[in-house]
Amino acid sequence: MNKKLIFSGVQPTGEIHIGNYLGAISQFVDNQDNYESIYSIVDLHAITVWQDPKIIQSQIHHVLSVFIAAGLNYEKNIIFNQSSVPQHAELAWLLGCTARIGWLNRMTQFKDKAGKNRENASVGLYTYPVLMAADILLYKATHVPVGDDQKQHLELARDIAHKFNVDYEIDFFPLPEPVMNKNTRIMSLRDGTKKMSKSDTSSYSRILMTDNNDDIKTKIKKSKTDSMKMPSIDSALDERPEISNLLNIFSAASGESKEDVIKKFAEREISEFKSDLTDVLINLIEPMSSEIKRLIADKSFLNEVLKKGSDRAKSLSTVTISELHKLMGLKIL
Ligand code: AQP
């Protein structure tokens, strides 16, 4: 493996939306020429919140189809589902013995996801960042693409790697560096202060990568806005989170800078802007959506990609685990 190695994952918790695509998957595709890359469909992370066993397989196939339709090269990159490589769970245990409870208590995503019902959240949800550290360190990945929400978890992975190296007096794990996502967080179409999410109960809160043109049109038309005209300066957006979000989506989906998009629609009616945004999204999604639907029907091809990916991931991860066994004095026989 080359020195510059990326690891990243996507949870099979539902249908992939433009937030996942613009915030993560499109950047995996951009990065694939500059890094060796490992992309995992992280089903062990997904089950930290209950998932229906009857549909999780099809969700794994769905995420893989989006990866391939978006342009991820499944021959060059290693793509696999996490549970098929048991070394992830084993390393999570080993690293759980290095991570400190005080470090995990500071994780804001756990606080957000567990909410008021903290005592009733799964232990897996609490130790999720240790599994994420294991995902990265199992392959001694040097770079991890992160949005704002994952920065703290990557810091934790670095802290665990550093403490492990100090405890065992060896430079074993590289400290993974962030590769910051270029697009800002995409927010819900129903509430500009809330992240667009697969698990949001309202299907009108997100645009899916499999939405047809009519779905896109309806969702953008119904998206929450105010009754003013489009702004002419960025600072006017502080009090208008929904318009700001739609401008971000326009900018990320079209490749035009946000400043240029603001200028283009300054003082115009929101309905005109929404109509152009619909066209931009249809241009982006239509070709991918038909490819996703074609791929999802070909289960044997998808399983073959996952099998090849997990075989490659296993052959790398077994090396790391046996080095660790030796280093930590485990497995004498
Ligand atoms: N709204 C978003 N804007 C930008 N990036 C986003 N990502 C997720 N939502 C947005 C990025 O997508 C990648 C994969 O995410 P994930 O499936 O591992 O977990 P998530 O962040 O929890 O995604 P969701 O859609 O919100 O799913 P649920 O509802 O299951 O929690 C990550 O790189 C993430 O930053």
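Predicted model: local features only at pLDDT ≥ 70, side-chain atom pairs only at ≥ 80, totals over all residues.
**Close-up views of the ligand and a helix pair**

View 1. Residues are numbered from 1 along each chain as its sequence is written, and side-chain values use heavy atoms, with hydrogens and water left out. At Met196, a backbone N or O atom lies 3.0 Å from a nitrogen atom of the ligand. Ser199 places a polar side-chain atom 2.4 Å from an oxygen atom of the ligand.

**View 2. The shell around the ligand.** Here 18 residues surround the ligand, each with a heavy atom within 4 Å of it. The closest are His17, Ile186, Ser197, Lys198 and Ser199. Both β1 (5-10) and α1 (18-31) supply at least two shell residues each, and α1 gives the largest share, four residues. Helices (H or I, at least four residues) and strands (E, at least two) are DSSP runs, numbered from the N terminus.

**View 3. Helices α7 and α8 crossing.** The axes of α7 (residues 123-137) and α8 (residues 151-167) come within 9 Å and cross at roughly 70°; axes are lines fitted to C-alpha atoms, for helices over the stretch in contact, with angles from 0 to 180 degrees between N-to-C directions. Therefore α7 is roughly perpendicular to α8, a term for angles of 65 to 115 degrees.

Definitions and conventions:
Polar contact = N/O pair within 3.5 Å; in protein donor to acceptor, adjacent residues only side chain to side chain. Parallel < 35°, antiparallel > 145°, perpendicular 65-115°, else oblique.
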